[in-house]
Amino acid sequence: MTSRRMAGWQGEPVRFRFDGRDYEGVRGDTLASALLANGVRTVAASPALGRPRGIYAAWTEEPNALVRYGVEPMAQATTLDLTEGLDATSLRGRGRLSEEPDTSRYDAVHAHCDVLVVGAGPAGLAAAAAAAGTGARVIIADDRPVAGGSLPDTAETVGGVPGDEWAATTLAELGGRPDVRVLSRTSVFGYYDDNYLVAVERRGADAYSRERVWRIRARQVVLATGAHERPIAFAGNDRPGVMLAGSARAYANRHGVLPGARAVVFTTNDSAYAAARDLAAAGVEIAAIVDTRDTAGHAQDGTEVLTGHVVTAVGGDEGVSSVTVSGAGHVDREIEADLLLVSGGWNPLVHLFSQAGGELRHDDATGSFVPGPVRQAVEVAGAARGVFTLAGCLEDGAAAGARAAEAAGFRMGDAFRIPETPAEEPAEPAAHLWLVEAADYATHFVDLQRDVTVADVMKATGAGLRSVEHVKRYTTAGTAHDQGKLSGVLTSAVVGHALGLPLADLGTTTFRAPYVPVGFSTLAGRDRGALHDPVRTTSLHEWHVAYGAPFENVGQWKRPWYYPRAGEDMEAAVLRECHAVRTSVGAMDASTLGKIDVQGPDAAEFLDRLYTNMMSTLKVGAIRYGVMCRPDGMVFDDGTVIRLADDRFLVTTTTGNAAAVLDWMEEWLQTEWPHLRVYCTSVTEHWATVALAGPGSRDVLAGLAPGLAVDAASFPFMTWRDTEVAGLAARVCRISFSGELAYEINVNAWDGLALWEAVMGTGTVTPYGTETMHVLRAEKGYPIVGQDTDGTVTPADLGMDWVVSKKKPDFIGKRSFARADTSRPDRKHLVGLLPADPGRLLPEGAHLVETGTLPEPPVPTLGHVTSSYRSAVLGSTFALALVSGGRDRMGEELYVPLGDELVPVTVTSHILYDPEGARRDG
Amino acid sequence: MLLIPCPWCGPRDEAEFHYGGQAHVAYPENPAALSDEEWARYLFFRDNPEGRFAERWNHTAGCRRWFNAVRNTATNEIEAREVIA
Amino acid sequence: MAERLSPPARFTPVSSDDLRIAEVPFLTQINLRVDPKSRAAADIGLALGAPLPTDPGTCTSAQADVLWMGPDEWLVVGERGDDPEGTIRAAAGTAHVGITDVSAQRTVISVDGPRSRDLLAHGCALDLHPRVFGPGRCAQTMLARALVVLAATGEEGFRVFVRSSFAGYLADWLLDAAGEYLRKGTVTSR
């Protein structure tokens, strides 16, 4: 295949494969430029119609040239750096995720600055230099590997040197300043409230992280994002060989690549003339410039210009071979060419501005949407606001940068001297043509990636759609990876044409993040695998791991679930652990319970208001169980309250609710009762807690705490003692969550493992996990807040009227207990269920129905199973359930629909084991 | 990500805060004296304006203080804030 | 007495020319709540050798480090074995103060070196620029997904106070993020 690289273009060779064939490009190429250099015209088949497609653009606006390589399922060949050994395949049809895992690392960084400049073209560099000169902290982010924006594409000179050289020097100078951060290959893809912008930096496979997300908070932002050339919809405008004129110019100037041999240029404006000049100089024969205007631009001598003409047809099925042009009063002409360059004018890149909440305004002069009013602290400079001359962009950028720095509180720095640029020829006004009218619009493509044609858009408007948002969704135009960079405004224009409405009235569809595609793995960053979510562990965790415990997730906590012995499954282990606690003694890590130190002269009064029961009457040295409700009367949390002193309590909360309960306390203290003299402090992790439970627990404790009188009279139920256990300063509470004689031993968390090992060192104690704890508490009918309750359950629903004080004038929730709703007889009550088949374990969440045969749907359900276990002491499975009017159904048979089966169960009290509480004292 | 001005810690990311709903909804002096209707209004009814809205925020990941702020719900601009004391 | 165990039980200190990360275990930490305008607050400041810092986000360092946690809340940090609780209780007398031993509630990871700010910026949304968060500054905030108290202890040095249950997670996170800055002259020791 002939090389289309300009003669004399230097570059280190880079070998690569595309669709299984070997090629060579040069360092600095993109995959697209390397393919063009090798004469590869067709790089894709369109997803819906299977039409051959070529490279259409030169950067992120590319709609066609999608490839997959490595684990990357979908990348634009136009932005993909050519690297040695790159093996890419064209994407034919839809993208598919790689089956290989992505082993790269991704991460994120937070950054702050006074002025963030997006874009390192002439306007962006001038803005950054002007802002940095004031001493402001500046970040300049640019999505290209080399600085200069369009300068390397246009080969214009700045300050007497080639533009790309000026840009590189300017950027290097900026990067040398201590308070300037230069982010190259970094696309700002989202602009959110309060000048919070998110960017992705492509650092490469050899970097510590392949891609990095920058989360930037900027006091001021300058958007110098440039412009995209506009396509024109005409018959056959999707053929390989049709390319944006400015993109072809970029391939020639930036990469030394000629995208064709003989070109027709189809334009509405002057910029394509400059492209034609550069391409001609590079060696492309310009067959003709087809200008829709009646007045020609400044063409090179000898170039034929057909004014008042349009392109009406493209010859060649596999790629452009000829171009048919028509003009009023002229005979149609077919011109031989392998390249058709198109310029419909330029659209400022207002995406980020629009994301920032900025309003867009239609500018009649350029026929484009430009930035209007905006609430956030953002400036737009250069082509992004419709300034299309080099001198204008430099000036505009410098002014915007200075204004931004000043707004951030900086002024009077080193002034940025705007470099000189060659004089530019005055431009002829551009025409605004979006669509070449025709009888048939079947190959007038609007969105090349979605295969949407003008005919499709007209079908949408014909169906009555008026809004461009609706047309977008109806046709899918603008919904591909490129998010309508080229097709968006064109779609609006075609809708306008179809409806006879001005484009200005139709506006654009909403611009949303991300501006460029960003991988989920990039967004996930470090938050994946083991670091996906914090794992909270207790001071005993390593012991649980060493003893092979599987862990149960309780919120972010890892709690040992059970401790299987050799050959045991979960069921066997849990039955053994339960048996040990009911007949001997077991120990559990209870450190995860929330603990809050409540102190101050009004602490008792405060707790009286929070808990449904009375806490002020609790004696120092004693412990009381308590329930908290929300003002609506629904159970919020439960736990024990320990009175340490007249003015000091230690409150425990459920594992999952520790933070919420502390927040709840602070909320009431700060917002409703600031006069109460109370301070609350979390001490959850200051303490390690070992629960010792079972008839043998007293003897074990006595052995470990020789200084403690452990007999029932000296150390009664619901009291606590400070003592030494295993030589460690400890607080021992006599409380039970199993109905057995039990203690909770609290020590400084640093000593937790020492205590646990001492307990295990007695040789008589069986470690048990959360599953056993659940079985034991459920046998006793103790509910778990959040498992047996769901925010719609009152203490009375739980059968815990006794925990609701009748004496206190008020407490949170009290008023709601007088609402009719909380005393409905059909409220769901917590009850026990015994399956008729004692081996049948009901799934938690299963529903309950009244009859043994299902009626026609909708089937009325009475409630659901909240907890379900196998019980050794009951010799049966059992469950707790919330059942409508449950307490009036004792002994009734209900049914649990499971698949095709209706499993019969009998309603019982929720307290199934030791209802008299005989085992509490051992 | 809003930047919310904690009266104590200064501007912090929204993720550090918990939202507390409409401000100035005081716990009734004597709930027992309220009708069911009045109590239900306290429990369940809140304003939901477009525009200026006085609301409560708690700087949960910082100083844990509650404060009131007037936020424009249409633009997310926080126009005023006050310490609750 | 049996050996005490600090929370990130498997934490291995690392150091390079650019970055040093180590645990500072077993510090004495007291949570102090008191009305900053009260006599007790002044007396406690006197006893600790410096007035309680009332500028949000600042800390003082005299007999103990005192970190501002809220308008009426401080974290008093002493060396291992210190007894600031006794000092504070004696100074407060019978006044209404909240004094809570929280020594084991959090552990401390020190992050030091020229790249310390770069490391923390991977997970901390605060502006850590030396002009904004220099020595004497502290903040309660998020680091990665953990609540922390962050204190700038020097030009390049920070202490990260983290809840003990999160310490293992945060240590793993820090070491993963630090990999980029540990390439030059890395020493790993136990």
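Which element of chain A gives the most to the lining of the largest cavity? The views below show a predicted model, where local features need pLDDT of at least 70, side-chain atom pairs count only at pLDDT 80 or more, and totals for chains, interfaces and linings use all residues. Residues are numbered from 1 along each chain as its sequence is written, chains are lettered from A and ligands numbered from 1 in the order in which they are written, and side-chain values use heavy atoms, without hydrogens and water.

**View 1. The largest cavity.** H11(A) gives the most to this lining, with 4 residues. The cavity holds about 290 Å³ of space. A cavity is a set of points, on a 1 Å grid over the protein atoms alone, where a 1.4 Å probe fits but cannot get out; lining residues have an atom within 4 Å of a point. Its volume is the space filled by probe spheres set on the points, which are joined across faces, edges and corners. Of the 25 lining residues, Gln483(A), Gly484(A), Gly488(A), Thr509(A) and Phe511(A) are the closest to the centre. The elements that give two or more residues are strand S25 (346-348), helix H7 (351-355), helix H10 (468-475) and helix H11 (487-499) of chain A. Helices (H or I, at least four residues) and strands (E, at least two) are DSSP runs, numbered from the N terminus.

**View 2. The second largest cavity.** About 90 Å³ of space lies here. The lining has 13 residues, and Pro231(A), Val446(A), Asp447(A), Leu448(A) and Leu486(A) are the closest to the centre. Strand S29 (445-447) of chain A gives the most to this lining. Its share is 3 residues. H11 of chain A also supplies at least two.

**View 3. The largest nonpolar core.** Such a core is a set of buried Ala, Val, Leu, Ile, Met, Phe, Trp, Tyr and Cys residues joined through side-chain atoms within 4.5 Å. Buried means under 20% relative accessible area (1.4 Å probe, protein chains only). This core has 44 residues, and Phe16(A), Phe18(A), Leu31(A), Ile55(A) and Leu341(A) touch the most other members. A second, separate core of 36 residues includes Trp166(A) and Val180(A).

**View 4. Two spans from the record.** UniProt, in an unreviewed entry, places "domain: GCVT N-terminal" at residues 540-808 of chain A. That span is 26% helix and 28% strand. Residues 828-914 of chain A are 0% helix and 48% strand. Such annotations may be inferred rather than shown by experiment.

Terms used. Buried means under 20% relative accessible area, exposed over 50%, partly exposed in between (1.4 Å probe, protein chains only). On a 1 Å grid over the protein atoms alone, a cavity is a set of points where a 1.4 Å probe fits but cannot get out, and a pocket is an open set with protein on both sides within 12 Å along at least five of seven lines; lining residues have an atom within 4 Å of a point.
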